[in-house]
Amino acid sequence: MPLPRNKEIEQLKKENARLKAALGESEFECQRLEIINSNLQLQLEESNRELEKNIEVLQGFKSDIENLVDNLKSSK
């Protein structure tokens with residue numbers, strides 16, 4: 001048995017309001033995730049800079065160690 005026209009309209013209005021609320025929540029969550037993503041991107045860039053510095057330091061240590069080994073070998 002179909003709903004009377006007024007009840008059908010009211011039901012559609014409620015459903016429309018529910019969907020608009022869900023859309024609003026989805027948009028808010030999307031904005032929140034975009035902020036989180038942006039922060040993570042900044043952290044990743046900073047980590048990459050630190051990693052590059054650490055690699056340079058380690059390469060310097062490697063070169064120093066190789067020189068020390070060479071000096072020890074030549075002093076024997």
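Let's start with K62, which counts as exposed because its relative accessibility is 52% and the cut-off for exposed is over 50%. Please keep in mind that we're looking at a predicted model.

Who does K62 pair with? Its side chain meets the side chain of E66 in a salt bridge, with 4.0 Å from N to O. Now find both residues on the structure: E66 and K62 lie in helix α1, four residues apart, and that is about one turn of the helix. E66 has 40% relative accessibility, so E66 counts as partly exposed.

R49 forms a salt bridge with E46, and here the closest N and O atoms are 2.8 Å apart. Why are R49 and E46 separated by about one helical turn? Because they sit three residues apart in helix α1. As for accessibility, R49 is partly exposed, at 43% relative accessible area, and E46 is partly exposed too, at 35%.

My last pair is K13 and E10. Their side chains meet in a salt bridge at 3.9 Å, N to O. Both belong to helix α1, which covers residues 5-75, and they are three residues apart, about one turn of the helix. Is K13 exposed or buried? K13 counts as exposed, with 52% relative accessibility, while E10, at 41%, counts as partly exposed.

I've walked you through some of them, including R49 with E46.

Methods
Residues are numbered from 1 along each chain as its sequence is written. This is a predicted model: local features need pLDDT of at least 70, side-chain atom pairs count only at pLDDT 80 or more; totals for chains, interfaces and linings use all residues. Side-chain values use heavy atoms; hydrogens and water are left out. Helices (H or I, at least four residues) and strands (E, at least two) are DSSP runs, numbered from the N terminus. Buried means under 20% relative accessible area, exposed over 50%, partly exposed in between (1.4 Å probe, protein chains only).
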